[in-house]
Amino acid sequence: MTLAIVLAAGGPAAALPDDTVPHLVAQWRAAGATEVRVAADLGELAALAEQATGPVLVSGADLVAHTTVFKHLATSPVPGTAALVLADPPADRHAVVHEERGQVVSAGSAGTLSDATGSFGGALRVVPADLPALVAAARTAATTTVPAGAGGPPADPAGAPGSAVPAPGSAVPAPVGSDAKPVGADLDRLFAAFTATGALTFAHRVRLLVAHRVVDPAGLTAARAELAGVDEDAAELRLSVKERDDFFTTYFVSSWSPYVTKLCARLGLTPTGVTMISVLFAVVAAVLFGVGGRPALVAGGVLLYLGFMLDCVDGQLARYTRNFSPWGGWLDTMADRAKEYVVYAGLGFGMTHAGLGDGWVLALAAMTLQTVRHHIDAWYGVLHDAAARRPKTASTGGGIGDKLNAASNRVQNDTGSLSYWLKRTVVFPIGERWALIALAAALFDTRVALIAVLVWGGLAFAYTGALRTLRARFLRVPALGTVDAGLHRDDGLLLRRFGGRIPAQLPLAVLAALAATGLLGMTLAAADTARWAAPVALLVLLAAGLAARGRAEGPLDWLVPAALRAAEYVFAIAVGVAGDVPLPLVFGYVFVLTLLHYDLVARLEKRQPAPPLHDFTLGWEGRSILLVVALIAGFAWVGMATLGAYLFVVFVMSVVAAWVTVPARAARTAPAR
């Protein structure tokens with residue numbers, strides 16, 4: 001059950017017409033709140049929130065906004081609490097906020113928060129896990145005094161000038177320090193106190209629609225007139241498009257995909273249904289690339305473009321219809337990668353079939369490179385999230401990392417500029433990858449398409465790797481220390497039980513990747529010799545893994561999971577080549593590994609627990625040991641095929657257990673609404 005609470009206290013409500021609070025109540029109901037209550041003060045708000053069992057929506061009586069704004073806040077897909085943040089200059093009584101990477105990291109009065117990026121919009125959605133923090137913050141704010149002149153209720157005329165007066169609902173006024181200047185309105189003091197608890201709060205910005213906090217009837221009239229001048233449905237459709245996207249997506253897809261989104265909504269299609277159609281388009285494109293011939297290559301390029309358009313539409317449809325679910329988000333992430341790698345397989349087969357060389361070598365290289373890059377992207381995001389929420393300290397002296405960080409932020413905020421689009425394009429995002437594949441295959445051939453992906457992907461890897469390494473040294477945040485490092489390294493039973501405590505994880509992980517690469521090189525030079533060198537390379541991998549089980553405190557240890565992914569993939573490819581395993585089978589085995597690892601990445605980004613059957617995947621070291629045993633026994637292809645099939649079955653069963661069985665059981669046992 002979703003509870004909405006309208007706080008009718010803190011000054012503004014008394015100055016506004018009597019219909020203001022009932023109008024807000026009706027808007028919250030239209031936005032999807034199951035129950036709406038009006039709280040007279042912060043104490044009553046705390047009591048209501050303490051009894052809540054589901055999400056709680058809170059707003060003040062001075063908020064004037066489109067109902068769609070309330071609906072978007074209530075249904076925000078972010079995993080934590082979300083607060084409405086406005087670009088409007090705040091009144092004296094309103095809180096201002098500082099946000100980084102979409103997270104509100106601090107809130108307070110304009111006089112004490114010099115680096116404000118916006119003002120608190122007077123509404124927030126609190127997830128159940130943060131309700132204790134909300135209750136504590138409400139009770140803290142209820143006993144906070146407000147200096148005269150800082151906003152809120154006026155000072156007592158009988159008191160000394162500038163004397164502090166109790167806030168409405170105060171039990172025992174708390175003393176205010178000489179440097180304290182709390183914001184005046186009750187809800188703003190509540191939000192500042194809530195932010196101070198450290199609860200993860202995401203900033204929910206208003207685009208295209210209207211939201212204002214008003215302080216008098218004239219402001220209310222003006223705000224309502226502004227609301228009436230906006231077509232809510234048209235704005236909501238435009239809002240379904242991401243605010244910031246890549247160059248190709250922005251100008252060649254999102255410029256017309258909202259019309260498809262509108263059509264899908266009218267036809268009653270779900271985002272998951274659109275995702276599955278996009279998968280079908282990609283599979284057919286891969287088949288056409290495999291068939292070869294100019295008509296098939298051109299048709300494959302067209303289908304690939306249309307499939308990518310539908311890949312954008314599924315997210316737009318979810319935002320337009322507010323049809324979000326953890327399953328849908330997970331499926332979209334997994335489908336994106338699966339589609340891309342199926343296309344690589346089609347290109348590899350087509351290249352081999354056309355007599356242009358062994359395309360499976362290039363397909364394997366492209367898949368390995370892209371997966372390692374994605375893991376680096378995911379962990380760099382974790383690093384920045386951790387950096388955004390750490391206590392701020394003085395500059396470290398303006399080193400190169402500091403300068404790169406400042407320059408990157410300037411470019412990122414200069415949306416639409418040439419430097420902004422160059423930065424967005426050079427990293428080779430998915431839209432540019434699919435466009436390059438479609439054009440290269442249609443105009444040239446499958447070999448050119450794979451080589452182009454490898455060349456641009458390699459340059460992007462070098463560029464982003466170098467800059468992010470320098471910036472990470474500046475940030476100095478142990479990102480692996482904020483999550484279950486063993487899970488996301490994909491450690492198995494052996495490493496979990498016998499792992500050491502050496503803190504220098506990255507050099508050891510890089511050593512493992514170099515050992516695997518050396519084995520691959522030896523295999524390509526002399527397969528018979530490499531067959532017996534594989535156990536030696538395995539020992540290096542295991543030694544590195546066992547020693548790297550300590551706490552990840554180094555500034556670059558966020559690179560460890562990606563280095564281990566590279567080590568396992570290259571090692572598996574080397575074993576396959578040494579054992580004369582057909583390369584399509586090697587590709588299939590590595591593809592299954594990428595599914596396991598992208599599942600972990602999707603859970604990392606949403607801070608979700610391990611997959612239900614994760615222990616049965618044996619860990620990267622367990623899988624590597626089995627491959628070497630099969631190689632020495634002379635049954636490398638049987639071992640790889642059997643292990644790959646086993647891992648795929650475990651993956652499917654884990655998906656069923658995580659996303660089908662558990663949600664269905666929860667739905668059957670949930671109380672009626």
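Me: Which helix gives the most to the lining of the largest cavity?

Reply: That is α24, which contributes four residues to the lining. Please keep in mind that this is a predicted model.

Me: What is the make-up of the lining by class?

Reply: Six of the lining residues are nonpolar, four are polar and three are charged.

Me: How many cavities of 30 Å³ or more are there in the whole structure?

Reply: The search finds four cavities of that volume or above.

Me: Let us turn to the packing. Which residues have the most contacts inside the largest nonpolar core?

Reply: They are F289, Y344, W558, F571 and Y589, within a core of 118 residues.

Me: What does Y344 touch, not counting residues up to four places away in sequence?

Reply: Y344 touches A363, A366, M367, Q370, R433, I437, L450, V453 and F587.

Me: A different spot now. Where is A116 found?

Reply: A116 sits in the loop between β7 (103-108) and β8 (118-126).

Me: Why does A116 count as partly exposed?

Reply: A116 counts as partly exposed because its relative accessibility is 38%, and that class lies between the limits of 20% for buried and 50% for exposed.

Me: Which residues is A116 in contact with, leaving aside its neighbours within four places in sequence?

Reply: A116 is in contact with V96 and V97. Although A116 and V96 are 20 residues apart in sequence, their C-alpha atoms are 6.0 Å apart in space.

Me: Finally, the protein as a whole. How many helices and strands does it have?

Reply: There are 26 helices and 12 strands. The protein has 673 residues, and 52% of them are buried.

Me: What share of the contacts between residues at least 6 apart in sequence join residues at least 24 apart?

Reply: The share is 83%.

Me: And what does the accessible surface come to?

Reply: The accessible surface is about 28,200 Å², with 65% of it belonging to carbon and sulfur atoms.

Terms used. Residues are numbered from 1 along each chain as its sequence is written. This is a predicted model: local features need pLDDT of at least 70, side-chain atom pairs count only at pLDDT 80 or more; totals for chains, interfaces and linings use all residues. Side-chain values use heavy atoms; hydrogens and water are left out. A nonpolar core is a set of buried Ala, Val, Leu, Ile, Met, Phe, Trp, Tyr and Cys residues joined through side-chain atoms within 4.5 Å. Buried means under 20% relative accessible area, exposed over 50%, partly exposed in between (1.4 Å probe, protein chains only). Contact means heavy atoms within 4.5 Å. On a 1 Å grid over the protein atoms alone, a cavity is a set of points where a 1.4 Å probe fits but cannot get out, and a pocket is an open set with protein on both sides within 12 Å along at least five of seven lines; lining residues have an atom within 4 Å of a point. Grid points are joined across faces, edges and corners, and a volume is the space filled by probe spheres set on the points. Helices (H or I, at least four residues) and strands (E, at least two) are DSSP runs, numbered from the N terminus. Ala, Val, Leu, Ile, Met, Phe, Trp, Tyr, Cys and Pro count as nonpolar, Asp, Glu, Lys and Arg as charged, and the others, Gly among them, as polar. Accessible areas come from the Shrake-Rupley method with a 1.4 Å probe; for residues, only the protein chains shown count as cover.
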